[in-house]
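Have it open while you read.

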Amino acid sequence: MNSQTGKYIIIAGVVLVVIGFLVSFFYDKLNWIGRLPGDIRIEKENFRFYFPVTTMILASILLSVIIQLIRKFM
C-alpha cells in the first residue's frame, strides 16, 4: 500500500458518508430510484422480481463521471 491508496480509501469513505446523509434526509424524494422506465418489475401474489436495468445504467454513468473527475483533479 502507498499514500495514493490511502487517498482513494478516504475519498470512498467521504462519498459513502455523503450518500448516507442524502438518503437519510431525502428518502421521501428518492422513491423514483428503481422505478424508472426500463426497470423490470414483476409482482405477483407470492412473488416479486425487480431488475432495475435503467437505474443501474444511470448509476454506472454517474460513477464513471465521478471517478473520471477524481482522477483528473488528483
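1. Let's start at P52, which sits in the loop between β2 (48-51) and α2 (53-73). Helices here are DSSP runs of H or I with at least four residues, strands are runs of E with at least two, and both are numbered from the N terminus.

2. Before going further, the ground rules: this is a predicted model, where local features need pLDDT of at least 70, side-chain atom pairs count only at pLDDT 80 or more, and totals for chains, interfaces and linings use all residues. Residues are numbered from 1 along each chain as its sequence is written, and side-chain values use heavy atoms, with hydrogens and water left out.

3. How exposed is P52? Its relative accessible area is 26%, so P52 is partly exposed (buried is under 20%, exposed over 50%, partly exposed in between, with a 1.4 Å probe and protein chains only). Setting aside residues up to four places away in sequence, P52 touches G34 and D39; contact means heavy atoms within 4.5 Å. K29, 23 residues away from P52 in sequence, is 18 Å from it, C-alpha to C-alpha.

4. V53 belongs to helix α2. V53 is partly exposed too, because its relative accessibility is 29%. Beyond its neighbours within four places in sequence, V53 contacts G38, D39 and I40.

5. Now the largest pocket, which holds about 510 Å³ of space. A pocket is an open set of points on a 1 Å grid over the protein atoms alone, where a 1.4 Å probe fits and protein lies on both sides within 12 Å along at least five of seven lines; lining residues have an atom within 4 Å of a point. Points are joined across faces, edges and corners, and the volume is the space filled by probe spheres set on them.

6. What lines the largest pocket? There are 16 residues, with I19, W32, I33, A59 and L62 nearest its centre. α2 supplies the largest share, six residues. By class, the lining has 15 nonpolar, one polar and no charged residues (Ala, Val, Leu, Ile, Met, Phe, Trp, Tyr, Cys and Pro are nonpolar, Asp, Glu, Lys and Arg charged, the others, Gly among them, polar).

7. The second largest pocket holds about 240 Å³. Its lining includes Y8, I19, I70 and R71. Here α1 gives the most, with six residues, and the classes come to ten nonpolar, no polar and one charged.
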